[in-house]
Amino acid sequence: MTIGGVRCLLTTVMLVVTTGGLWGAPADATVAPAETTAVSFASVVPAPVLATPAGGVTYRITATTKIYAEPGSTAVADIAEQFAAVLRRSTGYPMPVVDAPSATPADGIALLLSGAPTGIGSEGYQLDVIDVSIAVRANAPAGLFAGVQTLRQLLPPAADSATVQPGPWDVAGGRIIDQPRFAHRAMLDVARHFLPMSVVKRYIDEIALYKVNRLHLHLSDDQGWRIAVNSWPDLAIYGGSTEVGGGAGGYYTQDEFRQLVAYAAARYVMIVPEIDMPGHTNAALASYADLNCDGVAPKLYTGTKVGFSSLCVGKEITYTFIDQVLGELAALTTGPYLHIGGDEASSTTAADYATFMNRAQQIVAAHGKTVVGWHDIVNASVLPSTVAQFWGTTTSNAAVATAAQHGTKVIMSPANHAYLDMKYNSRTRLGQRWAGYIDVQDAYGWDPGAYLAGVGETSVLGVEAPLWTETIETLADVEYMAFPRLPAIAELGWSPASTHDWTSFQQRLGAQGPRWRVMGINYYHSTQVSWPTGS
């Protein structure tokens with residue numbers, strides 16, 4: 001089969017369920033009673049590539065259950081500890097994490113870097129559940145992390161409770177073999193309204209559950225600058241001192257940003273930082289008069305208009321500025337990407353825009369990073385490695401199609417499907433409507449690999465669901481606009497196109513409702529989804 005433009009071979013599997021264990025469990029191990037709280041395989045989001053349930057079989061987590069981690073792998077031990085921490089809170093069980101021996105005891109959950117199909121890549125996994133054991137196998141830790149997120153969804157919703165619950169803690173038997181179609185992303189704008197680290201960390205936890213593996217952070221805009229830059233300190237101190245509506249704003253110190261990068265990495269989420277340019281730069285222009293063509297700093301801006309600001313393309317200090325800013329950011333960022341924006345540069349002439357973006361791309365490359373830009377960047381001379389992020393509302397864009405045909409990779413974020421800041425309907429208190437109303441079916445009802453004319457599946461690097469914050473101020477606001485639409489975009493990024501079916505998806509999505517309630521996620525109860533009791 002072909003997934004994400006890569007030819008992969010998945011061996012057809014027949015699952016034989018026995019009481020002997022998948023990895024050495026003795027035949028006299030305890031079998032879960034017939035009455036079970038196990039969640040169906042048909043409730044998993046994103047939909048797996050291959051799921052083979054074993055009817056009538058369950059594994060029950062008890063007070064004696066241990067989690068066995070691949071010996072010698074700190075990364076796997078960390079994944080196991082994260083999973084154990086979730087279960088300790090809700091079950092009250094000790095859930096010790098120990099090295100997996102060659103002959104595994106009867107009752108346990110194993111996370112192993114052996115035995116997985118080679119064709120599933122670094123993020124794929126194989127999950128086997130029988131009556132006496134659970135095994136998650138992968139070729140790399142990222143795959144084990146993804147498999148654990150599926151396993152969490154197969155547990156009762158109460159397993160995600162912050163306090164001890166009565167159980168029982170059953171997992172449905174069967175086998176899942178899974179891998180992603182594309183890389184897939186979320187985006188959070190912390191510039192229009194500053195969001196503290198606690199909110200960003202909570203969002204990382206929530207998106208990781210749905211196998212989202214990138215978080216694009218929009219760190220600068222007209223209304224605020226949100227990252228400390230040692231060589232230009234007033235960017236954060238002054239440029240970060242306000243936000244939309246005139247609030248106090250804020251910014252991340254470099255140490256705090258490193259903490260966010262590390263926190264995300266532990267959950268297999270890569271931070272992709274964005275410094276928007278040459279437009280969306282009023283906060284920078286207000287902080288340093290020399291960055292303006294006339295040498296006069298504008299006032300700080302707290303409104304929501306766009307397209308009125310521009311760095312001075314003809315001044316050499318502009319390039320010293322972006323070189324130093326991007327250099328510091330590159331040093332803080334473990335991932336390969338720096339996003340340089342490039343959208344809505346209405347105050348920059350076409351010629352100046354091309355001149356600026358061509359030079360900015362070279363600066364990013366000189367710092368050892370790969371350029372990502374909004375799709376407007378294709379109007380410059382893009383580097384072979386530059387990635388364009390499509391945010392339009394149509395299904396055709398000649399410039400993007402031409403760039404794709406010449407090798408440019410594209411991230412798909414069509415605003416009328418993927419923008420999480422759009423209102424659900426006319427009654428939605430938060431959000432905007434310039435790209436139209438987007439309820440869950442609108443967010444789900446498109447195919448990233450066949451959406452934009454001339455941009456085929458092999459040209460699509462991934463999908464992203466941006467959440468702009470002109471009207472978003474709190475964690476509750478973020479969650480309300482992201483859920484339930486973000487899992488829809490996550491499924492488009494992860495699952496094979498052949499699994500995309502609205503009827504099936506809305507039922508699986510509805511099954512997440514009780515879990516979100518337990519987790520305290522402030523989600524929108526879309527009338528398009530059948531929410532079960534307890535949602």
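This is a predicted model: local features need pLDDT of at least 70, side-chain atom pairs count only at pLDDT 80 or more; totals for chains, interfaces and linings use all residues.

A: Residues are numbered from 1 along each chain as its sequence is written, and side-chain values use heavy atoms, with hydrogens and water left out.

Q: Which residues touch the most other members of the largest nonpolar core?

A: A nonpolar core is a set of buried Ala, Val, Leu, Ile, Met, Phe, Trp, Tyr and Cys residues joined through side-chain atoms within 4.5 Å. Buried means under 20% relative accessible area, exposed over 50%, and partly exposed in between (1.4 Å probe, protein chains only). Here the largest core has 149 residues, and Leu-188, Tyr-203, Leu-215, Trp-225 and Phe-321 touch the most other members. Helix α7 (residues 316-332) gives the largest share, eight residues; helices (H or I, at least four residues) and strands (E, at least two) are DSSP runs, numbered from the N terminus.

Q: Where do the buried residues of α9 lie when seen down its axis?

A: An α-helix has 3.6 residues a turn, so residues three or four places apart point the same way. In α9 (residues 398-405), Val-400, Ala-401, Ala-403 and Ala-404 are buried. They fall within an arc of 160°, so they line one face of α9; the arc is that of the directions from the helix axis to the C-beta atoms. The face turned away from the buried side of α9 carries the exposed Ala-398 and Gln-405.

Q: What covers the buried residues of α9?

A: The cover includes the strands β17 (387-390) and β18 (409-412), where contact means heavy atoms within 4.5 Å.
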